[in-house]
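Please work through the exercises below with the sequence and the model side by side, and try each task before reading its solution.

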Amino acid sequence: MEQKERNLKRLRELSEEVKSRLDYRSFYLRYCPDARANGARLHTLCPIPAHSHSGKGHKSLSIDLQRGLFHCFSRDEGGDCIRFYELMRGVTFSKAVRELASELGISAGGQLPLAFRAAPDREVGEQQEPLNAERMTAICERFLKVCRREEQTEGMSYLARRGIDAKTIRRAGLVYFPRRAYRRVMRQMLDGFALDELQRSGLFNAQAHLTFYRHRLLFPFYVEGRAVYLQARTTAAGIEPRWHNMRGGVPSLYNIDALSSLQSGEIVYLVEGFTDTLTLTTHGFTAVGLVGAGGFREEWLAPLARFRVVAALDADEAGRRASARYSEMFAARGLQLAELKLPADVNDFFNHKASAALEFELLTEGAIEEKQNPEFRE
Ligand SMILES: [Zn+2]
């Protein structure tokens with residue numbers, strides 16, 4: 001009896017794991033290739049064999065992609081993706097769970113692979129209050145400190161290969177933790193904080209595991225010398241998404257602390273992402289970074305007001321559009337934003353040209369002049 005209960009519990013856990021890993025859209029489209037998407041829903045003719053629909057009537061099957069649920073209005077039958085699989089394949093619950101799990105590479109025996117247990121929660125519980133800034137900062141700082149004690153070589157050579165020098169890495173407080181330190185780092189975080197706080201910060205998931213498992217190169221956001229937030233990227237190929245972060249929005253421009261010691265009137269570059277920010281820092285320029293081209297916020301204008309700001313966003317459509325929009329935002333406050341038009345992204349530009357720094361300065365002068373004397377524009 002006890003064994004049977006254990007098996008059942010195991011099966012239920014496995015089915016939860018399947019549901020947390022399954023891409024609902026492609027799963028349902030496999031069985032309903034003609035389904036029409038309507039927001040987060042699919043509508044289609046119901047393919048469930050036991051329903052024996054004529055195939056000509058109205059579209060009776062509705063699928064909720066957010067929750068992975070289906071409902072056939074014609075037979076008033078519905079359920080989750082596992083129930084759907086049972087009906088489509090004519091198999092039992094247990095067989096459905098095991099087949100889906102094996103398809104997803106989740107092992108049915110023993111414990112789930114660490115990568116699954118460490119996966120960030122897909123949905124944040126509504127009852128979970130966000131952590132206040134003070135506690136978030138405390139967690140970020142301890143996490144960085146604990147990780148910094150581990151072997152850093154792997155992460156630092158990854159950055160060096162991208163043209164970011166050791167001095168910049170040190171000043172930016174970049175930290176790496178090797179996968180073999182995962183459990184040790186996790187334990188030390190649990191020693192310092194209540195699990196509930198770690199979960200609310202996004203550092204831990206509902207399964208009480210550290211979520212930064214695939215993403216171990218850490219980029220802290222320092223504001224007045226304190227790490228208030230962090231994002232991490234994977235250094236391995238083929239991992240999507242590339243980035244993982246603490247819960248909540250990005251609180252500031254990246255590298256904003258670099259401005260505190262800078263004289264008024266100096267040039268500050270507004271760029272996209274950590275790599276571009278640090279590439280410019282490596283070459284002796286001052287840059288602050290946006291997370292994504294569209295991420296600039298009105299309240300970040302004030303700290304930039306005393307500098308000459310030059311946008312050097314990505315050389316793509318999104319970058320150009322954002323640049324034009326920010327230029328208007330600056331103008332509305334009586335500020336100028338010069339726009340640098342590079343043939344490539346900042347990091348590429350610097351990594352492919354020996355004379356990049358000099359060229360970059362010349363392009364900057366041109367951009368600032370063009371801004372100040374728009375009548376000379378071609
Ligand atoms: Zn049906």
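The model is a predicted one, in which local features need pLDDT of at least 70 and side-chain atom pairs count only at pLDDT 80 or more, whereas totals for chains, interfaces and linings use all residues. Residues are numbered from 1 along each chain as its sequence is written.

**Exercise 1. The chain as a whole**

Describe the chain by its elements, its extent, its burial and its contacts.

Solution. Begin with the elements: the chain has 14 helices and 13 strands, where helices (H or I, at least four residues) and strands (E, at least two) are DSSP runs numbered from the N terminus. Next, the C-alpha atoms fill a box of roughly 75 × 55 × 40 Å along the principal axes. Of the 378 residues, 32% count as buried; a residue is buried if 20 or more other C-beta atoms, placed from the backbone, lie within 10 Å of its own, exposed if 12 or fewer, and partly exposed in between. Finally, among contacts between residues at least 6 apart in sequence, 60% join residues at least 24 apart, a contact being a pair whose C-beta atoms, placed from the backbone, lie within 7 Å.

**Exercise 2. The parallel sheet and its helices**

Solution. The order of the four strands is 11-10-12-13, two strands being paired if DSSP finds at least two bridges between them. Strand 11 and strand 13 (337-339) are the edge strands, each pairing on one side only. Strand 10 (residues 267-272) pairs with strand 11 (residues 287-290) over four bridges, and Y269 stands opposite A287 there. Strand 10 also pairs with strand 12 (residues 308-312) over five bridges, with R308 as the bridge partner of I267. Five of the six residues of strand 10 are buried, so this strand is largely enclosed by the rest of the structure. Strand 12 and strand 13 pair over three bridges, V310 standing opposite A338. Helix 12 (residues 317-332) packs on the sheet and touches strand 10, strand 12 and strand 13, its direction making about 155° with that of strand 13. Helix 11 (residues 273-282) lies across strand 10 and strand 11, at about 175° to strand 11; axes are lines fitted to C-alpha atoms, for helices over the stretch in contact, and angles run from 0 to 180 degrees between N-to-C directions.

**Exercise 3. A residue in helix 13**

Is V346 buried or exposed, and which residues does V346 touch?

Solution. V346 is found in helix 13 (residues 346-351). With 29 C-beta neighbours inside 10 Å, V346 counts as buried. Leaving aside residues up to four places away in sequence, V346 touches V271, D276, T279, L280 and A312. V346 and V271 are 75 residues apart in sequence, yet 8.1 Å apart in space, C-alpha to C-alpha.

**Exercise 4. The buried side of helix 4**

Which residues of helix 4 are buried, and why do they lie on the same side of the helix?

Solution. In helix 4 (residues 93-103), the buried residues are A96, V97, L100 and A101. They lie on the same side because they cover an arc of only 125° around the axis, the arc being that of the directions from the helix axis to the C-beta atoms. An α-helix has 3.6 residues a turn, so residues three or four places apart point the same way. The buried residues of helix 4 pack against helix 1 (2-21) and helix 3 (81-89).

Methods. Two residues are in contact if their C-beta atoms, placed from the backbone, lie within 7 Å.
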